[in-house]
Amino acid sequence: MGGSVRQQQDGRSQTPRGLRTSPTGRVPQWVLDEAVGGRQPSAAWRAWTPAEPPALPARKQRPWAGIGTAVVVVAVLSAAWFLGLLPGVATTDADRTAPSPGVEASDGRLGTPLTPPAAGGTFAFAQLQDDGVTPVAYDPCRPVHYVVRPDNAPYGGEQLITDAVAQMSAVTGLRFIVDGATDEAPDEQRQPFQPDRYGDRWAPVLVTWDTVTEQPDFAADVAGQAGSLAVSVGDGPGVYVTGAVELDAAQFTDILSRPGGQAVARAIVLHEFAHLVGLDHVDDPTQLMYPTTSDVLDFAAGDLAGLSRLGAGACEPSL
Ligand SMILES: [Zn+2]
């Protein structure tokens, strides 16, 4: 095939997107979600009151991300990358922009996606292949590695991540492997191939608890953001190779300190990990992928159907 590798950033709609390239070679901003207009006052999260006792007036929707309920979500800072070299063809390590192809690739899928509820439901993918139907997904024939930067983590934060990953694995069939702690900081210009830090492979998914200094969006109501980076060889399909999950350290500390906050925190982490593997928001308040929080604190039928599809991607050992 051609001599270039193209990478694409998370998209946000069901509109088919070509694998755009950037002639500048600049690595654009990561991630993706919740960067929207129409923010409510930053007190919204802090003004949140748990659903119990039930006598309290019910607040139907609370922002995941500082979005008013009437505001159309514009998620995702999307941009494209360009890598000038096919993986592995560079003559020196210093020139390489991608790892050797097929690291850890198996002949078959490592797990089986959960059969979604028959009833179906609403879901949307962050990115579609050129056919306009097939979602961009992680390669199910190799594990999805992730690292966690423990700095700023709220009490119980590590367990929240572990539990969310376990649930994502159960639903999608994707196999996740935690590589432990990292001191890598979140970075909108994050490089997907960092051989000095992570060796000859795609950099693992980076999970961080951000300060508002690191992630200014978290100064508002945004509680988290996440997404993945897709790469393709030539005209081949896009495949996610790494990603980032950023969680608002201060808001999670606050949420977890409240009665009922554990379930809300868990729901937000699940929502973000669903973004990571390729789900987009839906305009359906009965789904966890609705962009503002609600009484829905776990994956609903549509979420599960979408995640099942995302676990059934094609294996791409050429990457
Ligand atoms: Zn979201």
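Val269, Phe273, Val277 and Leu279 touch the most other members of the largest nonpolar core, which has 68 residues. Helix α5 gives this core its largest share, ten residues. The model is a predicted one.

**Helix α5**

Helix α5 covers residues 261–277. Just after α5 comes Gly278, with a positive phi of about 125°.

**Strand β9**

Val241 sits in strand β9, which runs over residues 239–248. Is Val241 buried or exposed? Val241 counts as buried because it has 26 C-beta neighbours inside 10 Å; the cut-off for buried is 20 or more. Ala230 is eleven residues from Val241 in sequence. In space, the C-alpha atoms of Val241 and Ala230 are 6.0 Å apart.

**Contacts of two valines**

The table leaves out residues up to four places away in sequence, both for Val241 and for Val277.

| Residue | Residues touched |
|---|---|
| Val241 | Pro192, Trp202, Leu229, Val231 and Leu319 |
| Val277 | Tyr138, Met168, Thr172, Leu174, Leu307 and Leu310 |

For Val241, the contacts include Leu229 and Val231.

Methods. Residues are numbered from 1 along each chain as its sequence is written. This is a predicted model: local features need pLDDT of at least 70, side-chain atom pairs count only at pLDDT 80 or more; totals for chains, interfaces and linings use all residues. Helices (H or I, at least four residues) and strands (E, at least two) are DSSP runs, numbered from the N terminus. A residue is buried if 20 or more other C-beta atoms lie within 10 Å of its own, exposed if 12 or fewer, and partly exposed in between; C-beta atoms are placed from the backbone. Two residues are in contact if their C-beta atoms, placed from the backbone, lie within 7 Å. The expected span of a helix is 1.5 Å times one less than its number of residues. A nonpolar core is a set of buried Ala, Val, Leu, Ile, Met, Phe, Trp, Tyr and Cys residues joined through C-beta atoms within 7 Å.
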